Amino acid sequence: MSALADKVAIVTGASSGIGRAAALLFAAEGAKVVAASRRKPELDLLVKEIVEQGGRAVAVAGDVKDPAHAESLVATAREQFGGLDIAFNNAGTLGEMGSVAEVSLDGWRDTLETNLTSAYLGAKHQIPAMSERGGGSLIFTSTFVGHTAGMPGMAAYAASKAGLIGLTQVLAVEHGAAGIRVNALLPGGTDTPMGRSVANTPEMKAFVEGLHALKRTASPEEIARAALYLASDGASFMTGTAMLIDGGVSICRT
Ligand code: NAP
């Protein structure tokens, strides 16, 4: 039996990287997927691929900073597929990089809104829909940065992603009795457009890979498999966690 048979899932950041890999994997495991991001052409290609593989998906383009977008994702899950069981709130940005003294207030706010306020907006609409189904699984993509490692120039990113872990814990205790599990997923370096924007020279790529115990970065599919686990009943007793899937970047000192 497929891990997500008869489930309905929202996946944000589905146009690229980890979100795209997760949307494909969730659909292959039987979920009906509401795929979201700003770039509609990329989403349309993804939906086409899922349908060609025998799955079901619909694309909704929008910005995770927009409250109406969060509402419309849940409305689409209800209207097209009858409800909501899983939300992989994965869209994110590195945002404006630089030392705290250099980062602009607008840059700071944009990163916090994209990575953290978006999670609040998502949960606000996703939780009631999951309650109607008697439970569900919310997953937020955080990172090891700001949790197990400080990285220079990433203040807004680290603060926003660490904030997701606090939000995860509060949501988990608020909604555990309703059967809703809430977990944060903490990838290490991952080979996506975002990852490649950091590892943007052969020297930086080697440096980033060397930070990990496995001496490489992850493929998006490796991270998607961890998201699938958190989404599935295999993780039925997991809630409130900050789950590292980081190739040992958090413990590596060599
Ligand atoms: P990616 O390939 O660049 O994908 C980022 C996704 O987020 C895209 O689909 C993008 O879609 C979407 N997005 C960004 N801003 C958005 C906005 N304002 N509204 C709606 N969608 C937005 O990067 P990725 O590595 O897969 O990143 C996925 C998540 O993993 C992020 O939360 C990231 O922080 C986290 N992460 C990544 C790494 C890494 O090394 N790659 C490590 C740890 C954690 P559109 O451009 O179409 O809107």
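Tutor: Two residues are in contact when they have heavy atoms within 4.5 Å. This is a predicted model, in which local features need pLDDT of at least 70 and side-chain atom pairs count only at pLDDT 80 or more, while totals for chains, interfaces and linings use all residues. Residues are numbered from 1 along each chain as its sequence is written, and side-chain values use heavy atoms, with hydrogens and water left out.

Student: Which residues is Asn115 in contact with, leaving aside its neighbours within four places in sequence?

Tutor: Asn115 is found in helix 4, residues 105–132, where helices are DSSP runs of H or I with at least four residues, numbered from the N terminus. With those neighbours set aside, the residues in contact with Asn115 are Ala91, Gly92, Thr93, Tyr157, Ser160, Lys161 and Leu164.

Student: Is Asn115 buried or exposed?

Tutor: Buried means under 20% relative accessible area, exposed means over 50%, and partly exposed lies in between, using a 1.4 Å probe and protein chains only. Because its relative accessible area is 2%, Asn115 counts as buried.

Student: At what distance does a polar contact join the side chains of Asn115 and Ser160?

Tutor: A polar contact is a pair of N or O atoms within 3.5 Å; within protein, one must be able to donate a hydrogen and the other to accept it, and residues adjacent in sequence count only if both atoms are side-chain atoms. The side chain of Asn115 also reaches the backbone nitrogen of Thr93 at 2.9 Å. For the side chains of Asn115 and Ser160, the polar contact has a distance of 3.1 Å.

Definitions and conventions. Helices (H or I, at least four residues) and strands (E, at least two) are DSSP runs, numbered from the N terminus.
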